[in-house]
Amino acid sequence: MNYLFSIIIPTFKRPEKLSTALNSLLQQKKINKTFEVIIINDGSTDGYEPSNFDASLNINYFVNERNMGVAASRNRAANLAAGKWLVFLDDDDQMEENYLSILMKHIEENPLNQCFWSGVEIRKPLAEKSERRLYTSKDKTPTQILKQFLSIGMSFGVAIRKDFFLEIGMFDIDLKVGEDTDLFLRAIEYGVDPYPIESIGIIKNEEHNDRLAFNHHLYSDLDINEKIFERHHLTLCKYKKIYSDLLFWAYGVHLSNGNIHKGKKFFDQIVSMGYPSSHILHCHSEGIELSEEYLCLDIAPESTRTF
């Protein structure tokens, strides 16, 4: 059977949280049976009971023989998907009840777009204030939309047309983290026209600390950003503000993990783009973005490469 959407959920050792994610799909409104759910259990044997899944969700459940990682699990699901559009949901998140119907409306109104994403509500531990992040295309230049695109992850309600996802090569399974940024940069190189949906589509649950996104030490220890920046250097040099923002984030990741020497390389690259060192240090300490007024837009592509 052909579906409009294939909801892709990789899971590992979190059967209770998966149940909550699936319940949120049961609450989807005005969507009828236009979607299937593909669950990839990434080699876990902890308490999963497929027989208890609600049959009305059209669930296809698969188990990896060994733990292969989120990128490989998502790729497997994509290859198995019968839907025209792949929609990614983490096993510890929930989908807002109107998201699929809103997504369907935007797809119908914007048939040339290959990728959409939504705003998110981030629920944090009780000691921290929850957060809402909304994204918009209103009054935004194409570059500003791409900047938003590269600031998110797959769990931000990302929907990508299956044929386009396969065309750009799917996820790099050798990247333990950062595979979404790498995918988005390849999408840009293939001429993607991403579209932000200005509403909350996903409720992200960050009350617990075993989320893969929290493992910033992997970015630093495995030189993930160095690999991504080297791979997409020419593309990034076309978007200097985006590049400097990514370098600034990577610089902060290295510092927070005590890898001062690695961080210094990114610091020097940002300086070579025209930012005063005092401004970089100030923005890092205050947790704010670099000011674009310092950016040297005519910088030569090779002058920022130190990998």
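**Close-up views of a predicted model**

**View 1. Phe184 in helix α6.** Phe184 is found in helix α6, which spans residues 179-189. The model shown here and in the other views is predicted. With a relative accessible area of 2%, Phe184 is buried. Leaving out residues up to four places away in sequence, Phe184 touches Phe149, Leu150, Ile152, Gly153, Met154 and Val158. Ile168 lies 16 residues from Phe184 in sequence, and the C-alpha atoms of the two are 9.5 Å apart in space.

**View 2. Arg186 in helix α6.** Helix α6 also holds Arg186. The relative accessible area of Arg186 is 13%, under the 20% limit, so this residue is buried. The side chain of Arg186 reaches the backbone oxygen of Ile168 at 2.5 Å. Ile168 is also among the residues in contact with Arg186 once neighbours within four places in sequence are set aside; the others are Gly169, Met170, Phe171, Asp172 and His232.

**View 3. Packing of helix α4 against helix α10.** Helix α4 (residues 142-149) packs with helix α10 (residues 240-256) at an angle of about 20 degrees, and their axes are 9 Å apart. This angle makes α4 roughly parallel to α10, because the limit for that class is under 35 degrees. The crossing of the pair α4 and α10 is right-handed. On the α4 side the contact is made by Thr143, Leu146 and Lys147, which meet Lys241, Ile242 and Asp245 of α10. Sorted by type, the residues of this contact are two nonpolar, one polar and three charged.

**View 4. Packing of helix α8 against helix α10.** The axes of helix α8 (residues 224-231) and α10 come within 10 Å and cross at roughly 160 degrees. Helices α8 and α10 are therefore roughly antiparallel to each other, since the angle is over 145 degrees. Their crossing is left-handed. From α8, the residues Asn225, Glu226 and Phe229 meet Tyr243, Leu246, Leu247, Trp249, Ala250 and His254 of α10. The residues of the contact between α8 and α10 comprise six nonpolar, two polar and one charged.

**View 5. Ser244 in helix α10.** Ser244 has its place in helix α10. Its relative accessible area is 0%, so Ser244 is buried. Not counting residues up to four places away in sequence, Ser244 touches Met273, Tyr275, Leu290 and Leu295.

**View 6. Packing of helix α11 against helix α12.** Helix α11 covers residues 260-272 and helix α12 covers residues 277-286; their axes come within 9 Å and cross at roughly 125 degrees. The two helices, α11 and α12, are therefore oblique to each other. The crossing of α11 and α12 is right-handed. Phe267, Ile270 and Val271 in α11 meet Ser277, Ile280 and Leu281 in α12. Five residues of this contact are nonpolar, one is polar and none is charged.

**View 7. Asp93 and its partner Lys204.** Asp93 lies in the loop that runs between β4 (83-88) and β5 (94-95). Asp93 counts as buried, because its relative accessibility is 1%. A polar contact of 3.5 Å joins the side chain of Asp93 to the side chain of Lys204.

View 8. Most residues other than glycine have a negative phi. Asn58 is not a glycine, yet has a positive phi of about 55 degrees. Asn58 is found in the loop between β2 (35-41) and β3 (59-63), and at 23% relative accessibility counts as partly exposed. Asp223, also not a glycine, has a positive phi of about 55 degrees. The loop that holds Asp223 lies between α7 (216-221) and α8. At 27% relative accessibility, Asp223 counts as partly exposed.

How values were computed:
Residues numbered from 1 in each chain as written. Predicted model: local features only at pLDDT ≥ 70, side-chain atom pairs only at ≥ 80, totals over all residues. Heavy atoms only, no water. Helix = DSSP H or I, 4+ residues; strand = E, 2+ residues; numbered from the N terminus. Buried < 20%, exposed > 50% of the residue type's maximum accessible area, 1.4 Å probe, protein only. Polar contact = N/O pair within 3.5 Å; in protein donor to acceptor, adjacent residues only side chain to side chain. Axes fitted to C-alpha atoms, helices over the stretch in contact; angles between N-to-C directions. Parallel < 35°, antiparallel > 145°, perpendicular 65-115°, else oblique. Left-handed = near helix turned anticlockwise from the far one by under 90°. Contact = heavy atoms within 4.5 Å. Nonpolar A, V, L, I, M, F, W, Y, C, P; charged D, E, K, R; others polar.
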